[in-house]
Structure formats: structure tokens, C-alpha cells
Amino acid sequence: ARAIRVSDARHAILVEPTPWGGPEALENLEPIPVPGVVYSVHMYVPHQFTHQGVFKSTEPAVIYPGTIAGKVWDKDALRRVLQPVRDWQRDYGVQIYLGEFSAIRWAPDDSAYRYLRDCIELFEDYGWDWSYHAYREWDGWSVEHGADPNDHKPAAEPTELLSACASRFAELLKVECGAAQAGFSIVEAS
């Protein structure tokens with residue numbers, strides 16, 4: 001980080017803890033005494049929900065909120081998972097960036113939408129920046145595809161997952177652009 005600052009004092013430096021950048025991993029990391037460092041974590045908890053059907057299609061379907069692996073998972077449970085990140089941010093006075101979070105699009109009963117909505121609301125409440133994983137990568141994470149895991153084409157209409165992510169952007173546009181320009185749409189760049 002110091003070497004980067006010698007040639008670039010302006011851009012943020014992102015640092016992520018190992019392994020996998022999970023919320024609990026920050027406890028093993030000490031902040032770098034360099035200005036402009038942003039600390040990134042990932043949120044895929046509970047993994048049995050967020051990754052259902054990714055590795056084994058024979059696993060039983062899991063619904064959020066609900067009981068997953070014998071534990072109740074809801075917004076309060078997510079809040080508890082993220083508490084170590086909030087504590088670490090408070091203790092060190094650093095900026096937090098949720099560099100990855102997602103839920104598989106075929107989670108039953110609009111569960112992925114509810115999970116994303118709850119995560120985004122928490123991130124926003126905590127003042128954290130965030131990025132959804134992964135826009136236009138593998139269609140299992142896609143916010144543009146429907147809930148059928150066998151349908152690999154984007155949905156004809158915007159999905160609930162897309163609305164979970166886009167609703168916050170629309171709110172920001174209202175603040176930045178004023179009420180007259182409050183509409184939101186995703187446009188393909190040319």
C-alpha cells in the first residue's frame with residue numbers, strides 16, 4: 001500500500017481479509033497505516049441458502065427467511081453476522097465496502113429477493129458501499145434471469161432481484177438528480 005501511495009495518492013486501495021473475505025475474517029486483519037484504504041468483505045451467509053443447487057442439485061430447497069441448518073435466519077440473524085464488521089469499522093475508523101454478496105436466483109419462493117433486500121438495507125443503514133456479485137457473469141447469480149435454473153436467457157421483464165438492487169440506485173438518483181429525473185432504467189452501453 002505504501003508503494004502504491006508513492007505513485008498514486010488519489011485512488012482507493014481495496015484490502016480484503018483471507019480466507020474468502022467473509023465477515024468473520026476481519027478479526028485476523030490489522031488496518032494498514034496508509035490513507036485511502038477501503039476494507040472489503042463478502043456476504044454469502046448462510047452459505048447453504050446463498051449457494052443452494054450450485055454444487056449439488058439433490059440438496060433440499062432452502063427458504064429465506066426461515067430455519068436453515070437448524071438455525072433461524074432472518075434480517076436480525078444477518079445483522080448479527082455483520083456485527084463484527086461494524087465493530088471493526090468503529091474500532092479502527094475505516095471505510096467498509098461489501099465487495100461481493102448474492103443469492104442464487106432459483107432460491108424458492110422469492111427468497112433470493114428477500115435476502116438481497118435485507119442485505120442491502122443493512123449495508124445502507126451502516127453506510128457501507130456495496131457491489132452485487134455478479135452482473136452478467138454466470139447466469140446463476142444473474143439479476144436479469146428468472147427463477148428457473150434451466151432457463152439461461154434473460155427474462156423479458158425486469159426481475160425482483162434486479163429491483164432489489166436497482167431500487168437503491170433509483171433512490172440515489174432522486175437525491176442527486178431531483179424528482180423530475182427520478183426514473184431508473186438499465187441501459188446497455190454502446
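Modeller: Let's start with strands: two of them pair if DSSP finds at least two bridges between them. The strands themselves are DSSP runs of E with at least two residues, and helices are runs of H or I with at least four, both numbered from the N terminus. What you have above is a predicted model, where local features need pLDDT of at least 70 and side-chain atom pairs need 80 or more, while totals for chains, interfaces and linings use all residues. Residues are numbered from 1 along each chain as its sequence is written, and side-chain values use heavy atoms, with hydrogens and water left out.

Biologist: Fine. In what order do the strands of the open sheet run, and with what pairing?

Modeller: Four strands make up this open sheet, in the order β1-β2-β5-β6, and the pairing is parallel. At the edges sit β1 (13-15) and β6, each of which pairs on one side only. Between β1 and strand β2 (residues 37-43) there are three bridges, in the parallel sense.

Biologist: On to the rings. How do I read an aromatic pair, and how many does the structure hold?

Modeller: A ring pair is described by two things, the distance of the centres and the angle of the planes. Rings of Phe, Tyr and Trp (its six-membered ring) pair if their centres lie within 6.5 Å; planes under 30 degrees apart are stacked, over 60 edge-to-face, and the rest tilted. This structure holds 13 aromatic pairs. In one of them, Phe49 and Tyr115 have ring centres 5.4 Å apart and planes at 50 degrees, so the pair is tilted. This pair links distant parts of the chain, since Phe49 is in helix α2 (residues 47-50) and Tyr115 in helix α4 (residues 111-125), 66 residues apart. Both Phe49 and Tyr115 are buried.

Biologist: What sort of aromatic pair do Phe101 and Tyr132 form?

Modeller: Phe101 and Tyr132 are edge-to-face, at 5.8 Å centre to centre with 90 degrees between the planes. Here too distant parts of the chain are linked: Phe101 is in strand β5 (residues 95-101), and Tyr132, 31 residues away, is in the loop between β6 (129-130) and α5 (160-177). Phe101 and Tyr132 are both buried. Zoom out and you'll find that ring pairs link Phe101, Phe123, Tyr126, Trp128, Trp130 and Tyr132 into a cluster.

Biologist: How many salt bridges does the structure hold?

Modeller: There are eight, each being a side-chain nitrogen of Lys or Arg within 4 Å of a carboxyl oxygen of Asp or Glu. Asp109 and Arg114 meet in one, at 3.7 Å from N to O. Asp109 is exposed at 54% relative accessible area, while Arg114 is buried at 19%. Another joins Arg117 and Asp118, with the closest N and O atoms 3.3 Å apart. There, Arg117 is partly exposed at 29% and Asp118 is buried at 7%. Then Glu144 meets Arg136 at 2.8 Å, N to O. Glu144 is buried at 17%, and Arg136 is partly exposed at 44%. Shared partners also join Asp87, Arg90 and Asp91 into one salt-bridge network.

Notes. Buried means under 20% relative accessible area, exposed over 50%, partly exposed in between (1.4 Å probe, protein chains only).
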